[in-house]
Amino acid sequence: MNITSFNPPVRTLMGPGPSDVHPRVTGAMARPCIGHLDPAFVGMMDEVKTMLQYAFQTKNQLTIPVSAPGSAGMEATFQNLLEHGDKAIVCQNGVFGGRMKEVVERCGAIAVMVEDDWGKPVDPQKVEEAFKANPDAKLLAFVHAETSTGARSDAQTLSKIAHDNDALVLIDAVTSLGGSELKVDEWEIDAIYSGSQKCLSCTPGISPVSFSQRAIDVITSRKTKVQSWFLDTNLVMGYWGPNAKRAYHHTAPVNSLYALHESLVMLQDEGLENSWARHTNNHLALRAGIEAMGLSFIVDEEYRLPQLNSVTIPDGIDEAAVRSILLNEFNLEIGAGLGALAGKVWRIGLMGHSSRAENILLCLGALDVVLTDMGAGINSGAALPAAQATMK
Ligand SMILES: *Cc1c(COP(=O)(O)O)cnc(C)c1O
């Protein structure tokens, strides 16, 4: 064996995540590891919770980072709220609603599906109808920002429908947190999970979650134990809880939490609204370039996510070949289409630290050169000036 240190190439990450990690975040991660029960670490944990409350716009006490990626946040929210035989209305308009169904069923609960086309938001009318047909549903679950398509659903309206039907509301905010307007308390969201690696400019592997008092009441009056020992909030709170003795539950990913802490300090310094506005403005610059080139977006502007752009592929172009040239010659990663959109779109992410002018110019310039070279029939040379014009 002659294996030496791993030195990854330096890439620009403009896919569906992970996105570019800010150097301040990787710098924080390289600081010395200390014990996860060290008083210095415990003080930092409190700051992480406070800053997560700001990011989620909530006063929820139970607002903590789960020590695992976004998918673990998904498991944590469903598993704590659902018991065997419970019924959940699950909306699917892309990949992640399908995963929710899987998780619900693995909790021994029943998933009533509300389906919408890929690229469209969840239709509130269909959700109303699902509650009429299933008045006993315990919760409504949907994806706020569907990363597989780039569509945003109206969380506030959907949440109101759930509460009018005495149900809890659980949302996936993995791609929305930090990138799009999100107001947990004002919108009365009961359970929410996110991820560190999308719009927070942080490394992958941490899932911020938050539970409302209504959700906590449901959790503490469960008839059965939460199926997962690791994700049982009753136990996790012994370590993370407001009045906890900070008892050992599991070893926190110490350095990853330094990273999350730094990314949240950056979000606080920028200001949440400013971060949302930056994501929007950079989307507008990318849009100007993409449209000038002659390509288009598959999601209507009205509910299009600024941080995840599903862009059409010119006729006759091998989309995988384009992505591979971008990666190998430009060190630039963009995403492929998934599921129903496989082979039909590229997904260009403008998330967190990736949402920057220079990334947009690199991506448009690279696409321009590569597509022109392939004879794709685009308006060569038009993208960069169009994007730049919006940045003045
Ligand atoms: C990325 C993503 C997830 C999964 O997060 P992981 O960190 O990959 O586990 C879940 N939901 C949405 C909408 C996502 O974009």
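Pocket linings and a sheet

Me: How do the residues lining the largest pocket divide by class?
Reply: The model is predicted, with local features needing pLDDT of at least 70 and side-chain atom pairs pLDDT 80 or more, while totals for chains, interfaces and linings use all residues. Residues are numbered from 1 along each chain as its sequence is written, and side-chain values use heavy atoms, without hydrogens and water. Ala, Val, Leu, Ile, Met, Phe, Trp, Tyr, Cys and Pro count as nonpolar, Asp, Glu, Lys and Arg as charged, and the others, Gly among them, as polar. On that scheme the lining of the largest pocket has five nonpolar, seven polar and eight charged residues.

Me: Which residues are closest to the centre of the largest pocket?
Reply: A pocket is an open set of points on a 1 Å grid over the protein atoms alone, where a 1.4 Å probe fits, with protein on both sides within 12 Å along at least five of seven lines; lining residues have an atom within 4 Å of a point. The largest pocket holds about 300 Å³ of space, a volume being the space filled by probe spheres set on grid points joined across faces, edges and corners. Of its 20 lining residues, the closest to the centre are Arg152, Ser180, Glu181, Glu302 and Arg304.

Me: Which element gives the largest share of the lining of the second largest pocket?
Reply: Helices (H or I, at least four residues) and strands (E, at least two) are DSSP runs numbered from the N terminus. The second largest pocket has a volume of about 150 Å³, and helix H3 (70-81) and helix H4 (95-106) each give two or more residues to its lining. The largest share, three residues, comes from H3.

Me: What is the bridge partner of leucine 308 in S13?
Reply: S11 and S13 (residues 345-349) pair in the antiparallel sense over five bridges. In S13, the partner of leucine 308 is glycine 349.

Notes:
Pairing = 2+ DSSP bridges.
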